[in-house]
Amino acid sequence: MSKITGRRRGQPQSLPETDPAGRQIRADRDITGIASSGDRAVNIQNRAEQITVLPAEVFAPVTEVDVPPGLANLPERPGLFVGRAAELARLDAALAGPGGVVVQAVHGLGGIGKSTLATRWAANNAARHTLTWWITADSPAGIDAGLASLARGLQPALANVLPAEALRDRAAQWLASHRGWLMVLDNVSNPAEIAPLLAQAPTGRYLITSRRATGWHNLAETVNLDVLDPAEALDLLTRVLAPAGPRDLDGAMELCTELGFLPLAVEQAAAYIAQAGITPRKYLDLLEDYPADIYRATTEGGDTERTIARIWHVTLDRLADEPLAGQILRILAWYAPDAIPRTLLDGLANPPALISAIGHLAAYSMLTATPEAVTVHRLVQAVARTPEPDDRHRDCDAIDTARQQAETQLAAALPDADPAHRPTWRTLLPHISALASRGSSDTDTETSASLFEGAGVFALEQGQLTLAAEYYQRALTSLERLLGSDHPHTLVARHGLAVIYREAGDLGRAIPMLEQSLADYQRVLGDDHPMTMTAHNILATAHMEAGHLNRAIPMLEQSLTDRQLLRGDDHPDVMTSRNNLARAYQEAKDPGRAIPLFEQCLAELERVLGSDHPHTLTTRNNIAAAYMDARDTDRAIAMLEKNLADQQRLLGSDHPDTLTCRNELARAYKQAGDLDRAIPMSKQTFADRQRVLGNDHPDVMTSRNTLARAYQEAKDLDQAISLFEQNLAELERVLGSDHPKTLAACNSLGGAYLEAGDLDKAILLFRRSLADQQRLLGRDHPDTLASRHNLAAAYCEAGDPGRAIRLFEQNLADQQRLLGADHTDTMITRHNLGLVHLDADHLDQAIALFEQSYAELARVLGADHPYTLTSRSTLARAYLVAGDLNQAFPALGQALADHRRIQGGDHPDTLTVRSNLAVAYWQAGDLNRAIPLLEQVLADRQRVLGSDHPDTQASRRNLAAARRNYQ
């Protein structure tokens, strides 16, 4: 039965005619009301003058509505897509399972490529779904509009019949009653806004993209989308540029790095480069000089709302109700992007507000937060610190204030110089460096200048000399502008820069700067000011390091006297002056004055500061080094062993001072011939210094050199040469080819090649080292004289005694002039000149030189000094070579007795003298005494040095030859 309700006032009621076959209703033109007809009746609102008539199948239940062929609304598939293999595979794995609801939320920073990834995956997998539908879900209205559009797509006839709300509900009902579909919800702003849909329609699959990193725990499995790999970013850049034809790609990888490998930024930069016909290098230059213009630049037909300058604007708008979040982002923009300690934000607000603001920034992927630190994408930082007049989030005054706050926060976080705080310094140093690089000295304040000074001191302690000099130069330039050249703070910075040049071995720059600094201190502060006296002492030390001992020693003696008068004997500055003077005496090879002064310094430190004070421990190391230079190895080892135990107890095993002491002890063991302890200790110290200080620290290179020398002493020349080669390469890389330590390493490697018999390489290295040292240090520098000495020894080994003798004679004359006839180096050179004459069969000259050398060494150093022992045994060997057995036997007998008494029967030098005595018996025809002695020497060398040691092999050959003669 059909019925019509509603009629016009004053009209009689009538029944319309029906057509049961067509299931239609006919009504008068002016009838308005609700009509229902037959099975599955649906009411139709009729208006006067017109009625819409629809087929009944349009009103079938949603459960019976099928997907029209070809229904889909995916965005155009991106023509360029690089990388993301892992993320695509993860989506495949999560969304490939049969049945059930699968919700996957891809979140990340704006411009990271979330929508591109979703489009790619959805297009690749469209055939696996009955329907793939895309909704821009950045607001509730957008979600409703997307669902209504789906309803229209499923049943186009409803498009102009049902209101939007009804269409939305019908689409949700359809989703709830069907399976096998994929819904992409793009750019979701708030997870709560899509929660009702997920709950109402849980039978399909959802792929969500969002900048929100949080709020998904009850809704979806999350996929964090990060930036592209460097190779992928470069691939994207080059592929965008490819249609424009071949071009210069210089700077392409640097550009990708500068853009933080962010896909949107890389793609836009490439499009700009292609359109403008420029190179990546030129784009980098534009980005540095005109950042605001480049960040907002777009190409022809590009979306101005999707530029680098605008991509995060919508996110910042959503955070506008929390001004602290924007303030924090602007402050963080001045630091390095990674691992920014949360402590750098302390005090900006109360802790709950601070935590809330950081949490909101993290929620929108503007930063990544851990309990200890935050990380901000470098491009987000760059935009946040670039003023833009039309952007309320990047007001110029707000950015300037943020930079000053960044400086203040860093300054407040800096620890003191206690070595225990070095990890904190290492954490903060990248952020100080970033602050320096993102401004100029024209905008520096006293706060930032002090930051750079502190960073320079720490970099100096870590051996990063170039970085230290850069920090101090920046601080000095800023302080000269802010305070003037004569301000005490400026004077300290200028003097500090000179000290860094000195530490870097650039004495040619350091000494004039130190001289000027001393003059400035004297003029501004007066001669007796503590800072003036410190400048005087440091200048004297620089002269000592430059080999100007004739200037250094009088200056240090004067410094000690002046400080004693003004400060008293117990002041730490007095002890520093005494220690430096002792070092100068040590450099002058004057142990007679160096050691007593070191011992006096140690006694004063123990009395005033105590036995456990770090200065006391350091002075013990210095005394031990002086003992080693004097070849008093037993005393050196005893002191170093005690010092090492004390430093381990007081400072810990990993403290740099402890590691230095252990390295010195390893050197002492090597000098004593105790390689079984020297090599393992050297290896362990080397490994520990690498772990604690890093591969580029100078102390690590010192340890590598110590280990190489230990292997060289053990005649393991392959190991030694490998380490020396590595050390030279590392020093060249870190300190530069002209650094004194690099030149010394060149000499060390040459010495190893010389010992290995590779004379060509040895001579080449010695010649290079000598030329560089003459150029950089001067002809009279001790290191220059040492290089000339080594080159002479190499020529001697190469069978060129003529050149060797000329170089040794030149060195001997220079050392007599510079150091005096009684200086240890002078006496050693005279001894070595005798060796060359001995090898050249100039026996008279050789014996005369040996006799003079022995007499002077015995007079100056004493009869029991190791150098004196060596000289006596060499003189005995010269008598033996000359066939003067009357002189040889007494000399060898005395030498053997002295070596046994002082060095012990198993010392390599003692074994050498015993071997020479056996040869003397052999030469005298007394094989009955010679052979047993050779047999005993061979057995002892095998036991002490090993069967493969060159000295052992020489004993084996000598014994075989003696036995042949005996037969």
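Visitor: At what angle do helix α17 and α18 pack, and how far apart are their axes?

Guide: The angle is about 155 degrees, and the axes lie 8 Å apart. Axes are lines fitted to C-alpha atoms, for helices over the stretch in contact, and angles run from 0 to 180 degrees between N-to-C directions. This is a predicted model: local features need pLDDT of at least 70, side-chain atom pairs count only at pLDDT 80 or more, and totals for chains, interfaces and linings use all residues. Residues are numbered from 1 along each chain as its sequence is written, and side-chain values use heavy atoms, with hydrogens and water left out.

Visitor: What makes α17 roughly antiparallel to α18?

Guide: Angles over 145 degrees count as roughly antiparallel, under 35 as roughly parallel, 65 to 115 as roughly perpendicular and the rest as oblique. The angle here is about 155 degrees, and that makes the pair roughly antiparallel.

Visitor: Which residues of α17 meet α18?

Guide: Among them are Ala449, Phe452, Gly456 and Leu460.

Visitor: Why are α12 and α15 called roughly perpendicular?

Guide: Helix α12 (residues 323-332) and helix α15 (residues 396-413) pack at about 65 degrees. They are therefore roughly perpendicular to each other. Gln327, Arg330 and Ile331 of α12 make the contact with Ala398, Ile399, Ala402, Gln405 and Ala406 of α15. Contact means heavy atoms within 4.5 Å.

Visitor: How do you know that the length of α34 agrees with a helix?

Guide: Helices are DSSP runs (H or I, at least four residues), numbered from the N terminus. The expected span is 1.5 Å times one less than the number of residues. For the 18 residues of α34 (residues 801-818) that should be 26 Å; the end C-alpha atoms are 25 Å apart, which agrees.

Visitor: Which residues of α34 are buried, and what do they pack against?

Guide: Ala804, Ile805, Leu807, Phe808, Asn811, Leu812, Asp814 and Gln815 are buried. Buried means under 20% relative accessible area (1.4 Å probe, protein chains only). These residues pack against α33 (782-797) and α35 (824-839).

Visitor: What makes a nonpolar core, and which residues touch the most other members of the largest one?

Guide: A nonpolar core is a set of buried Ala, Val, Leu, Ile, Met, Phe, Trp, Tyr and Cys residues joined through side-chain atoms within 4.5 Å. The largest has 105 residues, and Trp312, Ile328, Leu332, Met366 and Leu379 touch the most other members. Helix α18 (residues 465-483) gives the largest share, seven residues.

Technical notes:
Helix = DSSP H or I, 4+ residues; strand = E, 2+ residues; numbered from the N terminus. Buried < 20%, exposed > 50% of the residue type's maximum accessible area, 1.4 Å probe, protein only.
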